[in-house]
Amino acid sequence: MKLRLGLVAVALTSAMFAAETKENAMKRIDEAGKVFGEINSAEDKGIPRELLEGAQCIGIIPGMKRVGFVIGGNYGKGVIVCRSNGRNGWTAPAMVRVEGGSFGLQIGAGETDVVFVVMHKRGMDKLLEDRFTIGGDISAMAGPIGRSGSASTDAMMHAEILSYSRARGVFAGITLNGSTLRPDKDDDRMLYGRDVTQQEILNGTVKAPAGTEALYTSLNQYAPAKKTAQR
């Protein structure tokens with residue numbers, strides 16, 4: 001029974017990732033910008049300014065799916081950008097997939113907007129790999145909330161990834177431990193018109209496609225590079 005449910009969850013995940021187009025990828029980038037802006041526009045409830053100023057990279061997964069019936073899981077597609085000296089202040093967006101699962105009595109389904117902040121250069125180095133597990137290959141913790149920097153000191157010192165979620169209007173720090181993150185090579189190929197590696201994108205050697213300006217407007221409004229990223 002559990003095996004059958006597990007196969008159903010895999011099939012659902014595959015179906016959600018099928019039939020993607022460049023238009024879908026562009027819509028996802030636009031939605032990522034909106035999610036980031038909405039989360040950080042609420043006074044005293046967003047991601048601490050100090051964390052955003054010192055972030056090495058930022059990932060945004062709009063509408064990550066959650067499913068659960070004995071075997072639970074989550075899956076979503078989104079974007080990652082890293083600091084750059086280029087025109088936008090950030091690299092071009094790299095398309096990524098987040099997939100994860102958990103076992104236990106979980107019944108329900110829904111969507112959650114997820115933001116994760118990569119605080120250190122070593123965390124960025126992990127993003128350049130083909131696949132890694134959050135909480136296993138890289139340390140992660142639920143991020144602190146609020147504009148004050150007093151709660152963020154330990155987070156900046158110790159965690160490589162800080163993660164947040166928004167579901168039904170509620171914003172909170174979450175853990176993504178056990179989830180895997182990997183490049184979405186198909187979406188990157190559609191977006192840039194050729195095979196391109198995540199290393200090329202996040203190292204700043206690929207130009208952002210036209211039509212992504214709203215994402216950078218949101219990033220630079222709430223995550224200006226006023227402090228040197230932690231290393």
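The following questions and answers walk through a predicted model of one protein chain.

Visitor: What kind of model is this, and what pLDDT do side-chain atom pairs need to count?
Guide: Residues are numbered from 1 along each chain as its sequence is written, and side-chain values use heavy atoms, with hydrogens and water left out. This is a predicted model in which totals for chains, interfaces and linings use all residues, local features need pLDDT of at least 70, and side-chain atom pairs count only at pLDDT 80 or more.

Visitor: How many helices and strands does the chain have?
Guide: Helices (H or I, at least four residues) and strands (E, at least two) are DSSP runs, numbered from the N terminus. On that basis the secondary structure of the chain comes to 8 helices and 7 strands.

Visitor: What share of the residues of the chain count as buried?
Guide: Buried means under 20% relative accessible area, exposed over 50%, and partly exposed in between (1.4 Å probe, protein chains only). The chain has 231 residues, and the share that count as buried is 51%.

Visitor: How much accessible surface does the chain have, and what part belongs to carbon and sulfur atoms?
Guide: Accessible areas come from the Shrake-Rupley method with a 1.4 Å probe; for residues, only the protein chains shown count as cover. The total for the chain is about 10,900 Å², and the part belonging to carbon and sulfur atoms is 53%.

Visitor: Among contacts between residues at least 6 apart in sequence, what percentage join residues at least 24 apart?
Guide: Contact means heavy atoms within 4.5 Å. Among contacts in the chain between residues at least 6 apart in sequence, those joining residues at least 24 apart make up 75%.

Visitor: What span does helix 2 reach from its first C-alpha to its last?
Guide: Helix 2 covers residues 22-41, and its buried residues include Ala25, Phe36 and Ile39. The expected span of a helix is 1.5 Å times one less than its number of residues. For the 20 residues of helix 2 the expected value is 28 Å, and the span reached is close to that, at 29 Å.

Visitor: Which cysteines form a disulfide, and what is its handedness?
Guide: A disulfide is a pair of cysteine sulfur atoms within 2.5 Å, and a search of the whole structure finds 1. Cysteine 57 and cysteine 82 form it, with their sulfur atoms 2.1 Å apart. Cysteine 57 is buried at 0% relative accessibility, and cysteine 82 is buried at 0% as well. The torsion about the S-S bond of cysteine 57 and cysteine 82 is about 100 degrees, so the disulfide is right-handed.

Visitor: Where is leucine 127, and which residues is it in contact with, leaving aside neighbours within four places in sequence?
Guide: Leucine 127 is found in helix 4 (residues 121-127) and is buried, with a relative accessible area of 1%. Beyond neighbours within four places, leucine 127 is in contact with Cys57, Ile80, Cys82, Val118, Phe132, Leu181, Gln198 and Leu202.

Visitor: Which strands pair with strand 5, and in what sense?
Guide: Two strands pair if DSSP finds at least two bridges between them. Strand 5 (residues 161-167) has 6 of its 7 residues buried. Strand 4 (residues 140-142) pairs with strand 5 over 3 bridges in the parallel sense, with alanine 140 opposite isoleucine 161. The partner joined to strand 5 by 4 bridges, running antiparallel, is strand 6 (residues 170-173).

Visitor: Which residue takes a positive phi in the hairpin of strand 5 and strand 6?
Guide: Across this pairing, tyrosine 164 stands opposite glycine 173, and serine 165 stands opposite alanine 172. The hairpin has 2 residues between the strands, and the residue with a positive phi, near 55 degrees, is arginine 168.

Visitor: Why does the aromatic pair count as stacked?
Guide: Rings of Phe, Tyr and Trp (its six-membered ring) pair if their centres lie within 6.5 Å; planes under 30 degrees apart count as stacked, over 60 as edge-to-face and the rest as tilted. A search of the whole structure finds 1 aromatic pair. The rings of tyrosine 164 and phenylalanine 171 have centres 5.5 Å apart and planes at 10 degrees, so the pair is stacked.

Visitor: How far is phenylalanine 171 from isoleucine 39 in space?
Guide: Phenylalanine 171 lies in strand 6 and is buried, with a relative accessible area of 17%. Phenylalanine 171 and isoleucine 39 are 132 residues apart in sequence, and their C-alpha distance is 7.5 Å.
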